[in-house]
Amino acid sequence: MAQAAAAAGDALKRKGRASLYRIVGIIVGLVVLLVAVNVATHGDFLAPGNVLNILRQIAVNAILATGQTFVIITAGIDLSVGSLVALTGVLMAGTLAGIHTPWLAVLVAIVVGIAVGGGAGAINGTPVVKFGLPPFITTLAMMLMARGVAFMFTNGAPIEIDNAGFNDLGSGLLLPTLGRLVHIPGIPVPIVIMVAVVVAASFVLGQTRFGRYVYAIGGNEEAARLSGIAVGRVKLGVYIISGALAGLASLLLAARLNSGIPQSGLGYELQSIAAVVVGGTSLMGGRGSIGGTFVGALLIGVLYNVMNLLNVQSYAQEVVLGAVILVAVLLDELRKRYLAAR
Amino acid sequence: MTDAVAPAVTPYLAMHGVSKSYPGVQALSGVDFDVRAGEVHALVGENGAGKSTLVKILAGAIQADSGEIDIEGKPVHLSSPKAAEERGIAVIYQEFNLVPSLNVAENVMLGREPVKGLAVDRPALRAQTLAVLERLGVELPIVAEVRTLAVAQQQMVEIAKALSVNARVIIMDEPSAALTQDEVGRLFEIIRTLTKQGVAVVYISHRMDEIFTIADRITVFRDGRYVETGDAKNYTPDDIIRLMVGRTLDAHFPTLPPDPPRDKPQLSVRGATSPGRIDDVSLDVYPGEILGIAGLVGAGRTSLLRAICGADPLPKGEVRLEGSPLRLRGPHDAIAAGLALVTEDRKSQGLVLGMSVRENVTLPHLELFTHNGRVDRREEISAVAKLAAELRIRTPSIEQLARNLSGGNQQKVVLAKWLLEKAKVICFDEPTRGIDVGAKAEIYELMVGLCRGGASIIMASSELPEVLGMSMRLAVMRQGRIVHVFARGEATQESVIRFATGTAA
């Protein structure tokens, strides 16, 4: 029995090692690529400023994709996050304009943004759980409605944000002293928030009961139900998480742009799905990880950045991105088949 | 010129010495079977007798390992469903192969639509369908979508479809299972119309009354072997039942513990009713007892177990555990109370195949391993490793995906889920379906062990030897009701079948 436990421990380690090898492989490949790109861009690419720039640019997508990962692992999908970015953005801007005590305004705005996002997630999830509607439909409806409400609220015009405290969340810097050591002015706040979200989500998905249930539901919903899991509550939970994180991502975007813009977030839902899929999460549910999603978001961010540095035309960038998504997922599928065949 | 000899009846279809094996199972061994034009030939046998395997071979869905199949005296190779169709063999399964959203005519002519230019020639489509229906002597709304039709009408569509491809032999697998008495009468009229036109019908059923009403000849299979064939008029239902079960009970069942004292039931069900599934079912199970439930397919065995364990809602009736009524809003409540359901289909209901053995086992009771919101993996590993050793789950590691285990070991994983936190009542639905003999014996031993530990077991099974060999008391269900409960040692295969088929006096 002790032997069995030891064997299990070994197997876990082996599994851990296998995924470690995979990650090391990816990183080695990435490093080679990065060095090559760095040479091609005459050193611009790996300049500290540019690296921070990439990370700051992917913060919004990485946070959206994190929420999306939860939904997709349950074999669902959330098409509403792009529109929710717009809706919560304009509502936060409106809140900031309406409250005159600056610190209170920031606090209320944050609560409004995240609560409205989470509430919209609950509206997405309820018909899925109660009536078995496909999440594609409920979130598509929310995508249309949230965008519409955002336009109605602002009459189509952006709402400016002049609250310095709020705007610092988008463009402020932390730890300037530490930054000086590596010749940067500090670590941008959005990067810190993104890392916190990724770490927390990774913990929830990988270490908690809720996380285990998310995988079980995606793997076999009926078996999960018969195991006594409150399937409805867990599914509702993932849509609320996705909506709330859309509110948080919107906060970073609005703070960076100093305004709430009803046109913002267009197509973000697809960008987030792309990051999740490139990160190895199965659209069929049951498999995937936050770490993978982060790598997916990073890869897409790096790609855009490199193409910009190499002066690739913006229309062509879309073509390249599409092709990369296809190839990445195809390679992952072939890898799985190879492993299954052994 | 010699005397006029009556021509020997050359059967349309004949099988000689056909065998088929699956890993660990000899499904058919050297069986003979023949079908003459225009006859109704009943094929009978218990579950596992090899009927479905034979049907699949004739349908071209699988190929025999050895043996010969002749059509009109010439050997043929039924390499695919298409090949079987071309040889005039059609199969009507219990699960119809219809497209629910297409209309009757479109279904009947599916894949063979008459065309005019590029478009489907709708008038011709309807005319051809009508012609087929006329041959059958039935009327159907040919432009109605199939999903709007009653089951009996859908069955007619299937038969029409078979006829439209000029089937010479139509195999019907349990065709009356979902039909009312009147509808069965209509079905028999249609079958007689078919046979008058020279079409043969292979009728597979458990229902003795139907077989003796419609069949010209009867063939009995048992344990994958051919037993005998004869004219129906030479048999009585009792003869057939005896031929079906005529064997000694397999000796691989463990010795059951003596009956427990029956003073306080562990689980009581009173008046459990779910329309169309179970009808006013009451039963008691005592600690340390195994209650077997027998019955034909569709008799309500699975529905009863699912209702007891909260998997399906129970609109009417009560489930009491140790005397106190349970409120079952879902599986969660049942599990919390100590009821466990080992479902009949472990792949679709029992396991998350893409998760490891460890993750599957701890799924119902993850709270045991959660401290401060975090699941402790080391605790999980030691608990599951212990169980895996006790149950002798054969897997390289408990981190192996459930998908990669054999059927028997998968079943042990399902069982382990409910042993982690000792369940008081365990409902087994087809506990050994699709697993090999060795693993079966192990599962039986485990069940006995659970009983000795004071658990109550309700076991539903369609394998008669299993329910007979493993039950202390045996309840027989028919059409949603418990029609008889045998005390220990009273039940025989014949008597159980009589109650299950409704032929008991």
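Which residues does B:I426 touch, not counting residues up to four places away in sequence? In this predicted model, the list is B:A340, B:V342, B:W418, B:L450, B:A455 and B:I457.

**Where chain B meets chain A**
- On the chain B side, 34 residues are in contact with 27 residues of chain A.
- Several elements of chain B each supply at least two residues to that side: α10 (331–337), α11 (346–350), α12 (357–362), β20 (374–375) and α13 (377–390).
- The largest share comes from α13(B), which puts in six residues.
- Sorted by class, the side of chain B that touches chain A has 17 nonpolar, 10 polar and seven charged residues.

**A hairpin in chain B**
- Strands β11 (residues 217–222) and β12 (residues 225–231) of chain B pair in the antiparallel sense, with six bridges between them.
- B:R222 stands opposite B:R225, an arginine of β12(B).
- Two residues sit between the strands of this hairpin, and B:D223 takes a positive phi there, near 50°.

**Helix α1 of chain B**
- Helix α1 (residues 51–58) of chain B is largely enclosed by the rest of the structure, because six of its eight residues are buried.
- After α1(B) comes B:G60, which has a positive phi near 80°.

**Chain A as a whole**
- Chain A has 14 helices and four strands.
- Its radius of gyration is 21 Å, which agrees with the value near 20 Å that a compact globule of 342 residues would have.
- Taken along the principal axes, the C-alpha atoms of chain A fill a box of roughly 65 × 55 × 40 Å.
- Buried residues account for 44% of the 342 residues in chain A.
- If you take the contacts in chain A between residues at least 6 apart in sequence, 75% of them join residues at least 24 apart.

Terms used: Residues numbered from 1 in each chain as written. Chains lettered and ligands numbered in written order. Predicted model: local features only at pLDDT ≥ 70, side-chain atom pairs only at ≥ 80, totals over all residues. Contact = placed C-beta atoms within 7 Å. Nonpolar A, V, L, I, M, F, W, Y, C, P; charged D, E, K, R; others polar. Pairing = 2+ DSSP bridges. Buried ≥ 20, exposed ≤ 12 C-beta atoms within 10 Å, placed from the backbone. Rg over C-alpha atoms; globule rule 2.2 N^0.38 Å.
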